Amino acid sequence: MTSRPGRPEPGPSTPLRAVVFDVDGTLAETERDGHLVAFNEAFAAHLLPYRWDVAEYGVLLSTTGGRARLRRYLLSRGHTDDADALATELHRTKTELFREWVHSDRSVLRPGVAELVEGLRAAGIAVAVATTGSRAWVLPLLRRHLPGPGRFGTVFAAVVTGDDVEHLKPDPEAYLSALAQLGVSAAEALAVEDSAPGLAAAVNAGLGCLVVSSEYNRRQVFPGALAVVTDYEPGGELAPGTPPFLADGVTAQALVALHRGSRSAGEPAGRG
Ligand code: XBP
Ligand code: MG
């Protein structure tokens with residue numbers, strides 16, 4: 001774990017200086033009622049006989065990045081030479097359709113997210129985003145729901161999208177880029193994620209990670225997470241091994257305590 005030049009080696013007293021949030025499933029439940037609908041509308045707009053149901057989309061989510069997800073599916077349906085170009089065309093249409101969803105009243109933050117982000121900022125802890133999603137809809141979503149003086153008219157001090165990296169999650173690139181933009185070491189930060197690829201990306205970047213499981217991932221286990229809860233608000237379920245104080249809600253103070261606990265236990269970023 002490399003600490004910043006001139007800063008003490010990471011240890012129990014390392015402060016929490018930033019929290020990096022995933023978007024899809026973490027800040028907002030976007031997949032089942034948003035992205036999936038947009039993908040199916042894009043198939044119809046291109047007169048293709050394809051339609052993903054909720055269960056099939058849940059399997060396809062193991063491929064991060066909507067364009068890559070489309071390409072994987074087209075190849076599985078026998079497309080060869082046209083798979084790349086068709087995936088690009090379909091994803092362009094889907095992204096335009098999803099931007100409409102972002103601006104509709106169906107686009108909302110998960111309960112408790114706005115309060116957590118505000119609490120972190122009030123505590124002087126920077127917030128950032130590291131997502132696989134496309135910048136074309138990520139920025140409008142963040143501006144709409146979390147506007148502020150940070151980057152791109154949002155509250156976030158850094159925003160890294162799928163368009164800003166060469167390698168998508170579970171590769172750590174998005175998190176490493178967010179940390180570099182923040183000028184914060186992994187030991188001084190926490191990640192908040194909803195899925196296994198996102199957790200892997202955070203842990204691979206050296207960050208401790210809280211998982212707030214989402215619609216598609218509620219029943220999964222998340223080895224390597226510091227803690228796993230179902231909700232930001234009080235009363236959610238806690239996975240075994242999750243500190244009991246998180247039953248009172250995911251607050252800025254709870255994240256400070258979770259980070260301190262992970263540092264003092266000398267745990268690597270994520271538990272195996
Ligand atoms: C989730 C993803 C994205 C979305 C679709 O991103 O893997 O691909 O499913 O968005 P994250 P795009 O959880 O990292 O926010 O079609 O724009 O990729
Ligand atoms: Mg996600």
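In the predicted model, helices α3 and α4 are oblique to each other. Helix α3 covers residues 66–76 and helix α4 residues 83–102. The two pack at an angle of about 135°. An angle over 145 degrees would count as roughly antiparallel, and 65 to 115 as roughly perpendicular, so this pair falls into the oblique class. The axes lie 9 Å apart. The crossing is right-handed. From α3, the contact draws on Gly 66, Arg 67, Leu 70, Arg 71, Leu 74 and Leu 75. From α4, the partners are Ala 83, Asp 84, Leu 86, Ala 87, Thr 88, Leu 90 and His 91. Seven of the contact residues are nonpolar, three are polar and three are charged.

The magnesium ion (ligand 2) is coordinated by three aspartates. Asp 22 and Asp 194 each contribute OD, whereas Asp 24 contributes O. Distances run from 2.1 to 2.2 Å. Along the sequence, the donor residues follow the spacing D-x1-D-x169-D. Asp 24 sits in the loop between β1 (18–21) and α1 (31–45), and Asp 194 in the loop between β4 (189–193) and α8 (196–204). The pair therefore ties together parts that are 170 residues apart in sequence. Both residues fall under the 20% cut-off for burial. Asp 24 counts as buried because its relative accessibility is 12%. Asp 194 is likewise buried, at 5% relative accessibility.

Backbone geometry was examined next. The peptide bond from Lys 169 to Pro 170 is cis. Its omega is near 10°. Pro 170 belongs to the loop between β3 (158–160) and α7 (173–182).

Positive phi values occur at Leu 47 and at Phe 152. Leu 47 is not a glycine, yet its phi is about 55°. This residue is placed in the loop between α1 and α2 (54–60). Leu 47 counts as exposed because its relative accessibility, 77%, is over the 50% cut-off. Phe 152, also a residue other than glycine, has phi near 60°. Phe 152 lies in the loop between α6 (135–145) and β3. At 27% relative accessibility, Phe 152 counts as partly exposed.

Methods. Residues numbered from 1 in each chain as written. Chains lettered and ligands numbered in written order. Predicted model: local features only at pLDDT ≥ 70, side-chain atom pairs only at ≥ 80, totals over all residues. Heavy atoms only, no water. Donors = N, O, S within 2.8 Å, 3.2 Å for Na, K, Ca; no water. Helix = DSSP H or I, 4+ residues; strand = E, 2+ residues; numbered from the N terminus. Buried < 20%, exposed > 50% of the residue type's maximum accessible area, 1.4 Å probe, protein only. Axes fitted to C-alpha atoms, helices over the stretch in contact; angles between N-to-C directions. Parallel < 35°, antiparallel > 145°, perpendicular 65-115°, else oblique. Left-handed = near helix turned anticlockwise from the far one by under 90°. Contact = heavy atoms within 4.5 Å. Nonpolar A, V, L, I, M, F, W, Y, C, P; charged D, E, K, R; others polar.
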